[in-house]
Amino acid sequence: MAQRYDAVIIGAGHNGLVCAAYLARAGLSVLMLERRHLVGGAAITEEIHPGFRYSVCSYVVSLLRPSIISNLDLPGHGLELLPLDGTLSPLPDGDYLMRWHDAGETRRELMRHSKTDAEAYERFGQKMYHLAMAVRPLLGEPPPSLTSLAPRNLRRLWRLRGALARHEPHLYDLARMMTMSSADYVEEWFETPALQGALAASGIIGTLLGPRSPGSAYVMLHHYMGEIDGQFRAWALPRGGMGAVSEAIAAAARGFGAQIRTEAEVAQVLIRDGHSAGVVLAGGEEIEAGVVISNADPRRTFETLVAPEHLDADFRASIARYNIRGSSAKLNLSLDALPSFTCLEPLARQGVDVRPYLAGAISISPDIDYLERAYDDAKYGQYSREPYMDIVLSSLLDPSMAPPGKHMMTVFVQYAPYKLHGASWEDEREAFGDTVIDTLAEYAPNIKDIILHRQVVTPWDLERTIGLTQGNIFHGELGLQQLFSLRPVPGFDGYSTPVERLYLCGSGTHPGGGVMGASGELAARRVLRDRRKWGHS
Amino acid sequence: MSPFTQYDVAVIGAGHNALVAAALLARAGRSVIVLEQGATVGGSVATEEFAPGFRAPLCFAGVELFHPKLIGDLELEKHGLRLLPDRGGTGMPLANGRWLGLGGPDNGLPAKDRAALAAFASFTARMARVLAPLQTGPLPALRAKGFGDMLEFLKLAVRLRGLGARDLGEMLRFLPMPVQDVLDERFENDALKAALAMPALTGAWLGPRSAGSAWGLLHHRPAWRNGLLAPPRFAAGGPGALTAALAASASAHGADIRTGTRVRAILVEDRAATAAGEGSARAIGVLLEDGREIPSRTVVSGADPRSTLLDLVGPRWLDPEVVRAVGNLRAHGSVAIVKLALDRKPRFEGAPEGDAHLAGRIRIGASLEYLERAFDCAKYGRVPERPVLEITLPSLADGSLAPAGRHVMHVWVQYTASDLRETSWESARESLGRTVIGLIGEHAPDFADSVLHTDVLTPLDIEQRFGLSGGCLYHADMTLDQLLYMRPLPGWYRYRTPIDNLYLCGPGTHPGGGVTGLPGRNAASRVQMPVAGTRPAARLMA
């Protein structure tokens, strides 16, 4: 029998890495076990095509908690964030809508479309800021239980009440935001279809909800909570791709003494005397540990890693109905040149450098109905015939992503439902890729001629390669019925599980998805607190 | 000078909620005048002769949701209301001539679904019992102002705890869910799922996949109703008998009910002009269409929130934020009513012998996908080719509604958006009638031949005839963001408005739509007579 660790963490996704770093920093001996040959889970960079570096899955950062960046000194470990400067929405009629980081420039651009929208946009930004501030106390804290009468929980509820009371004028707005559809919310503010579409789109990312589905406004807010260097709701690319985030956290964890083993697949959580005692690797090797923390999603953790006899039937049933429907896919493209968007041609003809327009995000979301129709297809088990896309030309901000003169394009696509009606993703993958490219070609006609290599990542691939059940990028839908203390399932706080000394630290716990790291940090805090209870046994 | 003396309360409209409020206030000794634009009372809760000798419910067919306590308190039986005994259950004609009977003992479901149905019925019953105070209202004040308010909350907390942690967790999870997920988790049979989803979606601008639609399930299965698949409860003479009894009760308590009297505006006085200090507008009566003014100490509006505030009060009396919020209130019409005069009882393929199966509700919409696709049409402003139908035959139990041997059929049709994009309701009206007859005919082959007369009430008719914004029978969509403390708008759960002495009493207020009488009752309980020269003690957000 090999060495015994204080903590073993299954899976080296960004949350697992954050958890490892915090535990190691507190003096625990920590071993991370990663099935793949590289750390990062869905936050990885791989050279899929020679000279081109792909952020294969996750592709932008915004939500990563500033406290984690500073506590773990991520910049010191090589993390450099390059802010995206705006969002371009190309439109089918050849026009475009550009929102810059600079408020004045955005205002001038919006004036071109609608004077009232230009005025409303600033107020909208302030409103979202205040709402996100009101939610913030919820993100850095474990959610209080709504059913427990334990004194500690009641204290927490009371503190939360106090924190919310400070934002009282916004509480009703918050309640509306939690329950509305992003379309309804956005339509209350704006009249320009392109602006409505672009804003409502952030309410559908990663979910199997349409812009008209109640609950999608919360997802929109979730995406507005990011902060880069104190810049609220800014989005950024990590230099070197998303893998750089994971590498930096891993370096921090190693710096605190954590060990990371790659190509070490965990087959099962070892459970003895009613509590977890370690893990068994796929090769049969047993590793003993004081606690086991799973970065895998709740379904994978409790349906494959823990043997059913250790879980009661009620709990297994509630895990089985945990909503984790995958809905998104990625196309990663190596390009021979910059794509030329029809909508920017008039500017180019005037001699304007259009590269800044392309250096941010590019959103194919011309109006709300477009997005809703894309969702309608997915509802009935088809990928969208005209999908929503969020595109980043990462090589424009970070030339290291592609050889000189070439470009790297990452295309986030919805909807790609995990379960296709009467077809399999293995058969449909390339046809789906063609659909995406055909749609894109309506906005950038030269795209087909400049593709050197194309990688299509379907929900099925995300499940098989990354281990995300059904390809759900958030480890479970951000629906009201599974948020806060109900995440992943009602009855326990999310990080701890019915199996003593087995914890979850992934996005399937509060506060949920996005490269945020909060789940990893909160799980580490919970483990450290519980350890005192056991007297370090 | 007005020819009227000052009333304590002027009630705008004589829909069932307005009548409940009027009757309760009159019973409490207030002088009440009720002003109804239509020729008769009842609004959308009425019985209409749509063809010679054929009478049918105008909109709502049954009155099973009406709160039983109100029937006693207002002595409605003494005033002519007679409820017919429940009969039948829920029947669904399915493809290939099959029939699914639900709500009876032998329902032909697989054993697993039967067991799941029993468990679900008991779970929803437990929830309904615990949530009854919230579902009836008024809601306890959010910002507790004294022991009484605190006690309300404590009582609620204790009730909720009484459910046990497991049920409570399950309930918290249940309420915001899409009804489809709730049902998929429990049942296998597609038709059963559709049958259970339909009551949840009745009148709603939600599809089975819309989050929050599970709330509708609970709304239509309150503690005072026995089960989700229970049959409708008819009033003898149709739903008009309920509103007639309410009017009779109100009159008996001294309320003055004027039909054919349209209110043009609510009279508002700027308080700052009359008293020092913080300015605030207050209602002082109503202005009639004919120019007469009726002074009153309070105004209780049964009109929907948008019409009340934007049309009857007018934006100039309101804060721009309020105007914006009221303007953004979502009220979608999603229902059309088709009334059919039949020369014989319909014969559905596969249905059991006898006519017990015709006495309850017959639902057409074989699966959740069928419902969702019908809602998809409404989303894009199209009339569905295959709408969702909720069918009753009120004449089966009540011979007074049709000539001997003949029948009336009432069809609640969803989803019919009020705003059509490619056509207008004027041109779509007749084809909707044909669509409905054709759809029923798929399951009852000689049905079309039995139709003597068709009457279609479109969402546009509902909007124009009852003055309901958007043709929304519930006055405001029953979506999670417009429920409970946020109905009709955030913080407006106390039936007050930003105009002092003006109250709302329609289904746009908590607990919402359907023929419950509860918004009217709750509003009546909140109406306070202003004391001359002082500000009302409780403010809107209290």
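Helices here are DSSP runs of H or I with at least four residues, strands are E runs of at least two, and both are numbered from the N terminus. On that count, chain B has 18 helices and 16 strands. Its radius of gyration (taken over C-alpha atoms) is 23 Å, close to the 24 Å from the globule rule for 542 residues (2.2 Å times the number of residues to the power 0.38), so chain B is as compact as a globular protein of that length.

A word on the model before going on. It is a predicted one, where local features need pLDDT of at least 70, side-chain atom pairs count only at pLDDT 80 or more, and totals for chains, interfaces and linings use all residues. Residues are numbered from 1 along each chain as its sequence is written, while chains are lettered from A and ligands numbered from 1 in the order in which they are written.

The C-alpha trace of chain B spans about 75 × 60 × 50 Å along its principal axes. Of its 542 residues, 56% count as buried (20 or more other C-beta atoms within 10 Å of a residue's own; exposed is 12 or fewer, partly exposed is in between, and C-beta atoms are placed from the backbone). Take the contacts in chain B (C-beta atoms within 7 Å) with a separation of 6 or more: 75% of them come from residues 24 or more positions apart.

A nonpolar core means buried Ala, Val, Leu, Ile, Met, Phe, Trp, Tyr and Cys residues joined through C-beta atoms within 7 Å. The largest one has 336 residues, and B:Val11 and B:Ala22 have the most contacts inside it. Beyond four places in sequence, B:Ala22 touches B:Val11, B:Val32, B:Val34, B:Ala250 and B:Ala255.

**Where the chains meet**

Chain A puts 25 residues into the contact and chain B 26. On the chain A side, helix 6 (171–179), helix 7 (182–189) and helix 15 (368–379) each supply at least two residues. That side divides into eight nonpolar, eight polar and nine charged residues; Ala, Val, Leu, Ile, Met, Phe, Trp, Tyr, Cys and Pro count as nonpolar, Asp, Glu, Lys and Arg as charged, and the others, Gly among them, as polar.

Buried residues in helix 17 include A:Phe432 and A:Val436, and their helix's cover includes strand 15 (328–335) and helix 19 (459–466) of chain A.

A:Ala198 sits in helix 8 (residues 193–201) of chain A and is buried, with 26 other C-beta atoms within 10 Å. A:Ile368 is 170 residues away in sequence but 8.3 Å away in space, C-alpha to C-alpha.

Most residues other than glycine have a negative phi, and most peptide bonds are trans. Here are some exceptions in chain A.

| Site | Feature | Value |
|---|---|---|
| A:Arg487–A:Pro488 | cis peptide bond | omega about -5° |
| A:His510–A:Pro511 | cis peptide bond | omega about 0° |
| A:Glu263 | positive phi | phi near 45° |
| A:His475 | positive phi | phi near 55° |

A:Glu263 is exposed, with 11 other C-beta atoms within 10 Å, whereas A:His475 is buried, with 31. The loop between helix 19 and strand 20 of chain A holds A:His475, and A:Pro488 lies in the loop between helix 19 and strand 20 (502–504) too.

Technical notes. Two residues are in contact if their C-beta atoms, placed from the backbone, lie within 7 Å.
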